[in-house]
Amino acid sequence: MNTTKIKVCSSCESEFSCGDISVENKCWCNDYPPIFNLSEGGDCLCPVCFKEACEDKIDAYIETITPKNALKNKAISLPKTEKLIEGIDYYIENGNMVFKTWFHLKRGTCCGNKCRHCPY
């Protein structure tokens with residue numbers, strides 16, 4: 001059931017593979033949070049441009065979050081994924097993984113460890 005296609009990124013115009021390889025092996029874009037409405041127009045983005053677009057949209061959303069509204073944020077209701085994405089869920093600093101605000105919002109609560117980017 002290989003449904004992959006070669007597409008051209010609507011942002012940078014580079015070619016990339018898009019689609020499910022098999023039932024178990026979904027398209028790379030399924031690793032990212034479902035925060036885009038495909039009916040907004042445009043075609044698929046390559047992995048690099050898609051990640052940048054996700055980071056930009058998440059960063060804009062995070063700017064609206066306060067401790068008061070964090071408990072009711074949209075990220076809590078997104079499908080849970082096991083895979084963490086560098087640049088979206090965390091970054092590396094001095095060899096340590098530092099969780100970003102988006103990761104904490106997806107958790108839905110404060111863990112009590114005084115995390116640097118905790119929105120709660």
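Guide: Two ground rules come before the questions. Residues are numbered from 1 along each chain as its sequence is written, and side-chain values use heavy atoms, with hydrogens and water left out. In this predicted model, local features need pLDDT of at least 70 and side-chain atom pairs count only at pLDDT 80 or more, while totals for chains, interfaces and linings use all residues.

Visitor: What is the order of the elements from the N terminus on?
Guide: The order is β-β-α-β-β-α. That comes to 2 helices and 4 strands. Helices (H or I, at least four residues) and strands (E, at least two) are DSSP runs, numbered from the N terminus. The C-alpha atoms fill a box of roughly 45 × 30 × 30 Å along the principal axes.

Visitor: Why is Lys106 called buried?
Guide: Buried means under 20% relative accessible area, exposed over 50%, and partly exposed in between (1.4 Å probe, protein chains only). Lys106 has 19% relative accessibility, so it counts as buried. Lys106 lies in helix 2. Across the protein, buried residues make up 29% of the 120 residues.

Visitor: What does Lys106 touch?
Guide: Leaving out residues up to four places away in sequence, Lys106 touches Ala75, Ile76, Lys80, Thr81 and Asp89. Contact means heavy atoms within 4.5 Å.

Visitor: Which residues lie closest to the centre of the second largest pocket?
Guide: Of its 17 lining residues, these are Pro79, Lys80, Thr81, Lys83 and Lys106. Lining residues have an atom within 4 Å of a point.

Visitor: How is the lining of this pocket divided by class?
Guide: The lining has 9 nonpolar, 2 polar and 6 charged residues. Ala, Val, Leu, Ile, Met, Phe, Trp, Tyr, Cys and Pro count as nonpolar, Asp, Glu, Lys and Arg as charged, and the others, Gly among them, as polar.

Visitor: What makes a set of residues a nonpolar core?
Guide: The members are buried Ala, Val, Leu, Ile, Met, Phe, Trp, Tyr and Cys residues, joined through side-chain atoms within 4.5 Å. The largest core here has 20 residues, of which Cys9, Tyr32, Ile35, Cys54, Ile88 and Trp102 touch the most other members. Strand 2 (15–18), helix 1 (47–62) and helix 2 are the elements that give two or more residues to this core. Helix 1 gives the most, with 4 residues.

Visitor: What is Trp102 in contact with?
Guide: Beyond its neighbours within four places in sequence, the contacts of Trp102 are Pro33, Ile35, Ile58, Tyr61, Ile62, Ala75, Leu78, Ile88 and Asp89.

Visitor: Is Asn94 buried or exposed?
Guide: Asn94 has a relative accessible area of 75%, so it is exposed. Asn94 also has a positive phi, of about 55 degrees. Its place is the loop between strand 3 (90–93) and strand 4 (96–99).

Key. On a 1 Å grid over the protein atoms alone, a cavity is a set of points where a 1.4 Å probe fits but cannot get out, and a pocket is an open set with protein on both sides within 12 Å along at least five of seven lines; lining residues have an atom within 4 Å of a point.
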